[in-house]
Amino acid sequence: MKRLVLVLMMILTGGSLFAQQSFLDNQKMFPKVGEAYREKEELLKKEFEKKGLTYPAKYIFIRSFKLDSEMEIWVKNNATDTFRLFKSYRVCTLSGRMGPKRKEGDRQVPEGFYYINDFNPNSNYHLSLGINYPNFSDRILSDPKKPGSEIYIHGNCITVGCIPLTDEFIDEVYILAVNAKNAGQDFIPVHVFPVKFGNVRSMDYLGTVSLNDNSSQQFWVELKTAYDYFEKHHRLPVVLIDDKGKYIM
């Protein structure tokens with residue numbers, strides 16, 4: 001009934017009601033998003049309060065680590081603030097192996113520096129957030145005709161080259177992303193690393209892989225430079241891409 005009333009009001013006002021809606025309001029009209037807010041928002045508020053953080057966060061930053069099966073959400077509320085870690089989520093499973101995605105069908109999870117470019121409230125995988133793979137570096141270094149596409153952070157806990165979470169976890173991440181976009185953060189950064197470079201065991205494993213993968217070795221050095229900068233400053237590094245597809249910080 002509520003939705004019917006909204007539709008009738010839109011017709012009577014020539015659609016102006018929709019134009020006045022915020023991104024948040026529009027997203028909440030989708031059943032799965034509305035349900036996520038009803039079930040999770042109060043819990044998120046309490047977690048923010050417990051950690052001395054202000055809810056909702058106006059800026060978020062997402063880091064994902066393939067081998068460590070972990071995804072972190074960092075938050076802040078002013079552009080000049082440093083980021084603070086809100087929460088780490090367990091990634092359900094890993095598709096492919098260490099190394100960047102270079103072609104369609106290779107089952108690889110991308111590695112590199114991306115941002116959220118799509119909110120899908122009607123996803124077949126519960127809820128999903130798209131990342132802008134292939135980015136400029138990927139277009140240069142990947143298969144020129146079929147580099148692959150449609151890489152998402154999503155629910156349902158299954159994957160072929162994406163970053164899968166449980167439905168419970170993607171509900172929270174989706175809410176945090178919607179809140180940030182609604183507050184004006186148009187580019188939500190997503191950094192995807194092969195490993196958590198501060199984890200000794202993960203680094204040891206990556207070292208054994210790099211012995212047989214010289215092409216990825218230098219690529220991982222580029223990624224680690226940005227990782228180290230953020231670890232030290234809790235600020236996002238400025239990452240550029242040269243005409244050969246190399247990341248330069």
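Val 200 and Arg 201 are exposed on one side of helix α7, in what is a predicted model. Within α7, which spans residues 200-210, the buried residues are Ser 202, Leu 206, Val 209 and Ser 210. Around the axis they cover an arc of only 95 degrees, which means that they sit on the same side of α7. An α-helix has 3.6 residues a turn, so residues three or four places apart point the same way. The cover over the buried residues of α7 includes α8 (214-233).

The N-terminal end of α7 is capped by Asn 199. A side-chain oxygen of Asn 199 lies 3.0 Å from the backbone nitrogen of Arg 201, and Arg 201 is one of the exposed residues named above.

**Salt bridges**

Side chains of opposite charge can pair when their charged atoms come close. The structure contains 14 salt bridges, among them the pairs in the table.

| Salt bridge | N to O distance |
|---|---|
| Glu 47 and Lys 87 | 3.1 Å |
| Arg 63 and Glu 72 | 2.8 Å |
| Glu 72 and Lys 196 | 3.0 Å |

Glu 72 is in two of these rows, paired with Arg 63 and with Lys 196. The pair of Glu 72 and Lys 196 joins distant parts of the chain, 124 residues apart. Glu 72 belongs to strand β2 (residues 70-76), while Lys 196 is in the loop between β8 (189-193) and α7.

Are Arg 63 and Glu 72 buried or exposed? Arg 63 has a relative accessible area of 2%, so it is buried. For Glu 72 the relative accessible area is 3%, and this residue is therefore buried. The cut-off behind both assignments is a relative accessible area under 20%.

Glu 47 counts as partly exposed because its relative accessibility is 23%, whereas Lys 87, at 17%, counts as buried.

Which residues are linked in a network of salt bridges together with Glu 47 and Lys 87? The network also includes Lys 40, Glu 168 and Glu 172.

How values were computed
Residues numbered from 1 in each chain as written. Predicted model: local features only at pLDDT ≥ 70, side-chain atom pairs only at ≥ 80, totals over all residues. Heavy atoms only, no water. Buried < 20%, exposed > 50% of the residue type's maximum accessible area, 1.4 Å probe, protein only. Helix = DSSP H or I, 4+ residues; strand = E, 2+ residues; numbered from the N terminus. Arc of directions from axis to C-beta. Contact = heavy atoms within 4.5 Å. Polar contact = N/O pair within 3.5 Å; in protein donor to acceptor, adjacent residues only side chain to side chain. Salt bridge = Lys/Arg side-chain N within 4 Å of Asp/Glu carboxyl O.
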